[in-house]
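Please consult the sequence and the structure shown below while reading.

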Amino acid sequence: MRYLRLAALSLIVLPRLALAQPAQATVADASAPAAPAMTAEERNDLQVRTLEERVSDLKEKIFRTKARLMNLQEMVIGGDITTGSKAVLVHRNEMGASFYLESVAYALDGAPVYTKVDVEGDLEKREEFEIFNGRIVPGNHQISVQLVYRGHGFGVFSYLEGYKFKVQSSYTFNAEPGKVNTIKVVGFEKGGITAELKDRPAVRYDVDVQREDGSKRPAAEGANQ
C-alpha cells in the first residue's frame with residue numbers, strides 16, 4: 001500500500017513541476033535586458049557610412065563609363081597606321097568686318113577636337129589655322145562645327161552692335177585607306193550685298209584628298225551648309 005501511495009503522489013507532483021519550468025523560463029526571458037537604442041551620433045555615423053558607400057559605387061560606375069568612352073574614341077580616331085586614313089581639319093575665317101568671331105567648337109564623330117574662345121583678338125585675328133591632324137579609321141566620319149559671331153556695327157549698320165549670330169553645321173566625308181583628307185572649314189558671308197546681314201553667316205567645306213605617298217586626287221567641290 002505504501003508503494004501505491006508513492007506512485008500516486010508522483011503522478012500528481014511531476015506534471016506540476018513540468019508545467020512550472022516553462023513559466024520560470026518565460027519569466028527569465030522577460031527579465032533579460034533590452035538592446036540599448038542608438039544615439040543620435042551613432043545614427044549620423046551610420047548615415048554617413050551609407051552615403052560614402054553609395055558615392056564610392058557611383059564613382060566606380062563613372063570610371064567604367066569614362067573608360068568605355070575613351071575606348072570608343074580611340075577606335076574612331078586612332079586608326080591603324082598601316083591601313084588607316086588621315087584627316088587634317090583647318091579653320092578659315094572669311095567673314096567681313098561686320099562679324100567678330102567670338103568662339104569656335106569642333107567635334108569629329110561626336111568627340112570634341114577643338115574649342116576656343118576669343119581673348120583680345122587671338123581668335124578673330126587668325127585668318128587660318130589647323131584644328132586637327134591625326135589618323136582615323138577608314139569609313140564615313142562627320143565633322144560638327146559651331147561658330148559664334150558678335151555683330152560689329154558702324155554707320156547705318158550700328159544696330160548690329162552686340163547682336164549674337166550662332167552658326168551650326170555638319171559635314172560627312174568618306175575616309176579611304178591610305179589617303180589624307182584635308183578639309184578646310186570656312187566661315188563666310190553668303191548671299192552678297194542683297195542679303196540681310198543676319199542671314200549672311202554660313203559655313204563652307206573645301207575638301208582635298210591625296211594619297212599618303214603624295215599623289216593627288218581631284219579636289220572635291222566646296223560644300224555649303
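Are Tyr-171 and Tyr-205 buried or exposed? In this predicted model, both residues are buried.

**Aromatic pairs**

There are four aromatic pairs in the model. Two of them, including one formed by Phe-99 and Phe-165 and one formed by Tyr-171 and Tyr-205, are set out here.

| Aromatic pair | Arrangement | Centre to centre | Angle between planes |
|---|---|---|---|
| Phe-99 and Phe-165 | edge-to-face | 5.2 Å | 75 degrees |
| Tyr-171 and Tyr-205 | stacked | 4.7 Å | 15 degrees |

Tyr-171 belongs to strand β6 and Tyr-205 to strand β8, so their pair ties together parts that lie 34 residues apart in sequence. Phe-99, in strand β2, and Phe-165, in strand β6, are 66 residues apart. Phe-99 has a relative accessible area of 1%, and that of Phe-165 is 8%; since buried means under 20%, Phe-99 is buried, and Phe-165 is buried as well. Ring pairs also join Tyr-149 with Phe-99 and Phe-165 in a cluster.

Among the contacts of Ile-183 are Tyr-171, Phe-173 and Tyr-205.

Strand β8 spans residues 201-211, and eight of its eleven residues are buried, so this strand is largely enclosed by the rest of the structure. Strand β7 (residues 179-189) pairs with β8 in the antiparallel sense over eleven bridges; Gly-187 stands opposite Val-203 in β8.

**Charges over rings**

Arg-204 lies over the face of Phe-188, 5.2 Å from the ring centre. The charged end of Arg-150 sits over the ring of Tyr-100, at 4.6 Å from its centre.

Terms used. Residues are numbered from 1 along each chain as its sequence is written. This is a predicted model: local features need pLDDT of at least 70, side-chain atom pairs count only at pLDDT 80 or more; totals for chains, interfaces and linings use all residues. Side-chain values use heavy atoms; hydrogens and water are left out. Buried means under 20% relative accessible area, exposed over 50%, partly exposed in between (1.4 Å probe, protein chains only). Helices (H or I, at least four residues) and strands (E, at least two) are DSSP runs, numbered from the N terminus. Two strands pair if DSSP finds at least two bridges between them. Contact means heavy atoms within 4.5 Å. Rings of Phe, Tyr and Trp (its six-membered ring) pair if their centres lie within 6.5 Å; planes under 30 degrees apart count as stacked, over 60 as edge-to-face and the rest as tilted. A charge sits over a ring if NZ of Lys or CZ of Arg is within 6 Å of the ring centre and within 35 degrees of the ring normal. Lists of a residue's contacts leave out its neighbours within four places in sequence.
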